[in-house]
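Please read them with the structure open.

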Amino acid sequence: MGGERGLFSGAAPPQRVGSGGLAARCEQKLGSFLACLQQLRQRSEVEEVELSSRSLLSGGCTTLLLAIAGSLLCADMTATAGNPWGWFLGYLILGVTGAVTSVSAGGGSIVNGEDCHPHSQPWQAALFTESEFFCAGVLVHPRWVLSAAHCLQKSFTVGLGLHSLEANQEPGSRVMEATLSIQHPEYNKPLLANDLMLIRLNESVPKSDTIRNISISSQCPTAGDSCLISGWGLLADGALPTVLQCVNVSVVSEEDCDDHYAPIYHPSMFCAGGGQDRKDSCNGDSGGPVVCNGSLQGLVSFGQAQCGQPGTPGVYTNLCKFTDWIEQTIQAN
C-alpha cells in the first residue's frame with residue numbers, strides 16, 4: 001500500500017505492512033529475546049508447542065519476534081508494554097530471510113473465508129500504529145473499541161466503517177485517534193489468559209449505515225454454535241486481501257479446547273474451528289470480532305503457528321466472562 005492510497009487525505013497513509021518503527025523495535029529486542037529463549041529451553045516443564053498470537057507485526061522485522069513466551073520467565077521483556085507482541089512457547093526456527101519459519105507473526109488472516117458483504121460488519125475496527133495496520137478491534141460503545149490485550153500500544157489510529165484498507169477516504173468511514181487503552185488487570189495471569197483491552201476514542205462516533213457498535217453476549221458459547229469471524233491481513237496463499245474477509249466456524253467443547261491447549265487453556269478462552277474445511281483466523285486478525293447468534297461472543301486471540309490445520313481450533317477471548325469489567329471500565333472512564 002503506497003502513496004495516496006491510504007485512509008488519510010493529505011497525510012501519511014496507514015499501511016498494512018511496513019519496515020518502519022515496529023521493525024526497528026523488533027531488532028532492538030533481539031538480544032533480550034534470545035536470552036529469554038535460552039531460559040525457555042532450559043525449563044523442562046515448558047512443552048515444545050508452537051503458538052502464535054493473531055497480531056500482524058512488521059514484515060521488515062529481522063527476527064519477527066513474536067514477543068516473549070512466558071512473561072513470568074522474562075519479565076524484563078514484558079515490561080515494555082508499548083509493543084504489540086504476540087506469544088509463543090517452544091523453539092523458533094529462523095529462516096535464511098530472517099522471517100520466523102515455525103512461528104510467523106506476519107502470516108495470514110482469515111483462512112479459507114470469503115469477501116464480506118460491504119459494511120455487513122459495521123462494528124469492525126482496524127488498528128494502526130506508526131502508519132501500520134497490525135490488529136483489529138470491535139466498536140462496543142460510541143466511544144470505546146474492544147481489542148486483544150496483546151495489541152496494546154501507547155496510542156492508536158482507529159479506522160471505522162472500512163471495507164477496504166486501501167481506499168482513499170472510503171465513503172462512510174472515519175479515522176479516529178485514541179490515546180487511552182486499558183488492559184484487563186489479569187491479562188497474562190496465567191499465561192495468555194484474559195486477553196482483552198478497551199480503547200477509548202478521543203471523541204464519540206455517531207451511528208451510521210457503515211458504523212455501529214455491537215452488544216456483547218452475556219451467555220457463554222455452546223459447542224456447535226456457528227460464529228462469524230472477520231478481519232484483514234494475509235490470506236492463506238500469502239496475498240493481502242483487498243477487502244474485509246469473513247469466515248464461519250463452529251465452537252468446540254471446553255473439553256476439546258483443553259485437550260488441544262493444555263496447560264495453556266483457561267476459562268477466559270474458548271475454541272472454534274479446526275474442521276476439515278481448514279477455516280480459521282490467523283495473524284492480522286487479533287482483537288477482531290467473533291459474532292455468534294447476533295452478539296459479540298469473542299475476540300481473536302491466538303492459535304497454532306500454522307493456521308487452518310484440520311483438527312486444531314483457534315483460541316478466542318471468552319467475553320461472557322468479562323461483561324461486568326467492560327461495563328464498569330467504560331463507566332469509570
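1. Arg174 has a relative accessibility of 27%, so Arg174 counts as partly exposed. In this predicted model, Arg174 forms a salt bridge with Glu203, with 3.6 Å between the closest N and O atoms. Arg174 belongs to strand β7 (residues 174-183) and Glu203 to the loop between β8 (197-201) and β9 (226-231), so the bridge ties together parts 29 residues apart in sequence. Glu203 is partly exposed too, at 44% relative accessibility. The structure holds 1 salt bridge.

2. The aromatic pairs come to 5. In one of them, Phe134 and Phe156, the ring centres are 6.3 Å apart and the planes stand at 15 degrees; planes under 30 degrees apart count as stacked, so this pair is stacked. Phe134 sits in strand β4 (residues 132-141) and Phe156 in strand β6 (residues 156-160), so the pair ties together parts 22 residues apart in sequence. Phe134 is buried at 0% relative accessibility, and Phe156 is buried at 2%.

3. Tyr261 and Phe302 have ring centres 5.8 Å apart and planes at 85 degrees, so the pair is edge-to-face. The pair links distant parts of the chain, with Tyr261 in helix α4 (residues 254-261) and Phe302 in strand β13 (residues 295-304), 41 residues apart. Tyr261 is buried, with a relative accessibility of 3%; Phe302 is also buried, at 3%. Separately, Phe128, Phe133 and Trp232 make up one aromatic cluster.

4. Which residues touch the most other members of the largest nonpolar core? In this core of 19 residues they are Phe156, Val158, Leu160 and Leu201. The elements giving two or more residues to the core are β3 (124-129), β4, β6, β7 and β8. A second, separate core has 17 residues, among them Trp123, Trp144, Ile182 and Ile330.

5. Phe156 deserves a separate entry. Leaving aside residues up to four places away in sequence, Phe156 touches Leu127, Phe128, Phe134, Cys151, Met176, Glu177, Ala178, Ser181, Met197 and Ile199. Of these contacts, Phe134 is the stacked partner described above.

6. The structure holds 6 disulfides. One of them joins Cys135 and Cys151, with the sulfur atoms 2.0 Å apart. The torsion about the S-S bond is about -75 degrees, so this disulfide is left-handed. Cys135 lies in strand β4 and Cys151 in the loop between β5 (144-147) and β6, so the bond ties together parts 16 residues apart in sequence. Cys135 and Cys151 are both buried.

7. Cys220 and Cys320 form another disulfide, with 2.0 Å between the sulfur atoms. The S-S torsion is about 95 degrees, so the disulfide is right-handed. The pair links distant parts of the chain: Cys220 is in the loop between β8 and β9, and Cys320 in the loop between β14 (314-318) and α5 (323-332), 100 residues apart. Cys220 is partly exposed, with a relative accessible area of 36%, whereas Cys320 is buried at 10% relative accessibility.

8. Cys227 is joined to Cys292 by a disulfide, S to S 1.9 Å. The torsion about the S-S bond is about 105 degrees, so this disulfide is right-handed. Cys227 in strand β9 and Cys292 in strand β12 (residues 289-292) are 65 residues apart, and the pair links distant parts of the chain. Cys227 and Cys292 are both buried.

How values were computed. Residues are numbered from 1 along each chain as its sequence is written. This is a predicted model: local features need pLDDT of at least 70, side-chain atom pairs count only at pLDDT 80 or more; totals for chains, interfaces and linings use all residues. Side-chain values use heavy atoms; hydrogens and water are left out. A salt bridge is a side-chain nitrogen of Lys or Arg within 4 Å of a carboxyl oxygen of Asp or Glu. Helices (H or I, at least four residues) and strands (E, at least two) are DSSP runs, numbered from the N terminus. Buried means under 20% relative accessible area, exposed over 50%, partly exposed in between (1.4 Å probe, protein chains only). Rings of Phe, Tyr and Trp (its six-membered ring) pair if their centres lie within 6.5 Å; planes under 30 degrees apart count as stacked, over 60 as edge-to-face and the rest as tilted. A nonpolar core is a set of buried Ala, Val, Leu, Ile, Met, Phe, Trp, Tyr and Cys residues joined through side-chain atoms within 4.5 Å. Contact means heavy atoms within 4.5 Å. A disulfide is a pair of cysteine sulfur atoms within 2.5 Å.
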